Amino acid sequence: RRLGLGPYGPVLFECALARDWAVSGKWSPTSLRAARGPNGIMQVKRSKNRFFMYVESGRNDLIADDSNDVELIAMSPADFFKACSRQQRVGRATDEAYHYYTGKVVDEFPRLAPFAKGWETLVVDRLPGLSADRLAYLSIWLGGHGSATQAHYDVMNNNYIQVVGYKRFRLWPPACHHLMRVYPDAHPRSRKARVDIDGAIKAQPTTGPWASAPPSPRIQSVQLPPPALDVVLQPGDALFVPAFWFHHVEVVDSPRGQGAVGDFKHLAGDKVSAEEEGLSVSLNVFSHSLLTSAAGEILSRPPPILPGEDMEGRTAAYAHLAARLSDELGLGSDFPHELFRARYAALNASSSDNDSFDDERKSAHEDGSDIEKSFDSGGVGTAKAKASCFDLSRVDTWAVTIARDLQGNLAKCVYRDEDSPNSQEITVNTREIEPQDKCSANPSQAVAHLEGVTSVVAAHLLELVALRSFGPLGISRALEAAALFAEKRTKAGAEKLKGSQVGQGAQFAEGHKP
């Protein structure tokens with residue numbers, strides 16, 4: 001039975017499996033130390049910044065990342081738990097570092113894997129003929145008070161179980177990806193938000209399901225809507241986070257029953273030990289998402305623009321492609337503009353005081369003015385003229401086909417038969433809980449979810465086409481051209497509309513002379 005934000009959003013639920021894990025005592029610091037053994041060393045992340053992010057490595061097509069302040073250190077379980085305890089005692093006004101650890105249970109704590117029996121029942125979107133362990137895995141997450149994971153989205157479904165301590169989850173729908181100013185796909189921190197979450201949230205009303213405020217050109221002045229769900233998990237609680245939903249997670253003090261499923265602090269009948277105070281132990285199951293598979297099929301298709309052709313023509317053809325795809329998907333003519341501003345212009349302008357898109361664009365590329373000149377003189381027509389060496393009908397056909405197939409594939413996942421074997425089901429024991437958000441399952445939520453995921457996938461697609469066509473160092477320049485083209489189209493459309501209205505007014509006046 002679904003609880004929370006309906007069938008298209010996160011679900012807070014209570015299940016017997018989570019309760020059993022919490023009361024077993026097998027995931028306490030004592031048990032974790034014993035499971036690793038006296039010589040068991042853990043590779044722990046440590047940082048002065050409490051907001052941790054997964055950083056991808058090993059790829060040769062990534063943008064350089066010079067801001068990684070996290071170090072990986074070897075610690076014994078005893079030393080790790082002591083370090084987490086110091087975070088609790090000293091609080092945030094200290095030079096004490098923050099610590100964070102995660103890994104697959106079967107690899108890091110194989111002795112404890114049998115005590116997580118039944119985790120396969122938390123797999124979502126099962127595929128016929130494939131066992132759960134082919135699609136999913138069980139992970140463990142450890143951290144001290146204040147340690148946090150910066151807002152991000154995953155491309156897998158996530159069932160999260162709190163076993164020891166307390167964790168606060170704040171969640172936003174996929175449609176907020178521009179507001180989150182996520183790192184580009186070609187960046188090691190892709191899918192992670194760059195905004196200051198606490199500073200960006202404003203307690204303002206929203207309209208419609210999961211509506212978002214208009215984006216601001218500066219990363220410091222971005223205003224996020226309140227989270228769609230804001231909840232503190234206690235031991236025995238479980239939370240389902242769908243693929244593509246943003247979640248900002250941090251270890252917190254006891255909420256004293258506020259916003260959680262139940263008060264399970266003393267499930268085992270014993271008081272929380274000093275070692276457990278301020279410590280969080282969580283387990284989660286990442287599993288396959290049908291939406292991700294549908295998107296992956298589209299992303300695997302070759303782009304109509306290939307390396308090696310005329311650079312100026314390729315850039316103009318890409319701008320045309322971005323505009324056509326945005327139109328076909330119903331994302332609005334300014335979608336390429338917003339994509340560049342949110343991911344690339346803001347990447348280099350986040351610490352500046354720029355107030356306009358033009359300033360951000362110039363700060364992103366020292367030689368960006370030549371792109372502007374190439375579109376200034378001829379406006380919208382210039383891009384097509386410069387792409388004359390390309391068969392633009394091929395670009396148009398690709399955009400139309402991609403848009404049709406993407407919308408169709410995603411819609412099949414969102415509006416699928418709830419009785420099918422692929423239906424998103426959480427087969428656990430539940431009890432009725434009053435949702436924090438009063439949104440109920442309705443068609444508008446389905447539409448909002450579909451539109452949000454479509455927007456995220458379209459952003460991935462435009463970045464991927466640019467990567468394949470221009471390489472990692474050319475993505476920003478290509479998107480800049482697409483952004484300028486979108487800006488010119490918007491202005492040209494507004495002027496055309498204004499001229500049409502003036503003409504209609506003149507005709508009306510002519511026909512109504514006394």
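**Exercise 1.** Find which residue of β4 is the bridge partner of M42, and state how many bridges join strand β2 to strand β4.

*Solution.* In β4, M42 has M75 as its bridge partner. Helices (H or I, at least four residues) and strands (E, at least two) are DSSP runs, numbered from the N terminus, and two strands pair if DSSP finds at least two bridges between them. Between β2 (residues 42–47) and β4 (residues 71–75), which run antiparallel, there are five bridges. This model is predicted, so that local features need pLDDT of at least 70 and side-chain atom pairs count only at pLDDT 80 or more, while totals for chains, interfaces and linings use all residues. Residues are numbered from 1 along each chain as its sequence is written, and side-chain values use heavy atoms, with hydrogens and water left out.

**Exercise 2.** Determine which residues of β5 stand opposite S47 and R46.

*Solution.* Strand β5 (residues 98–104) runs antiparallel to β2, and three bridges join the two. Y98 stands opposite S47, and H99 is the bridge partner of R46.

**Exercise 3.** Work out the order of the strands in the open sheet, and name its edge strands.

*Solution.* The order of the eight strands is β1-β11-β8-β13-β6-β5-β2-β4, with antiparallel pairing. At the edges lie β1 (11–14) and β4, each of which pairs on one side only.
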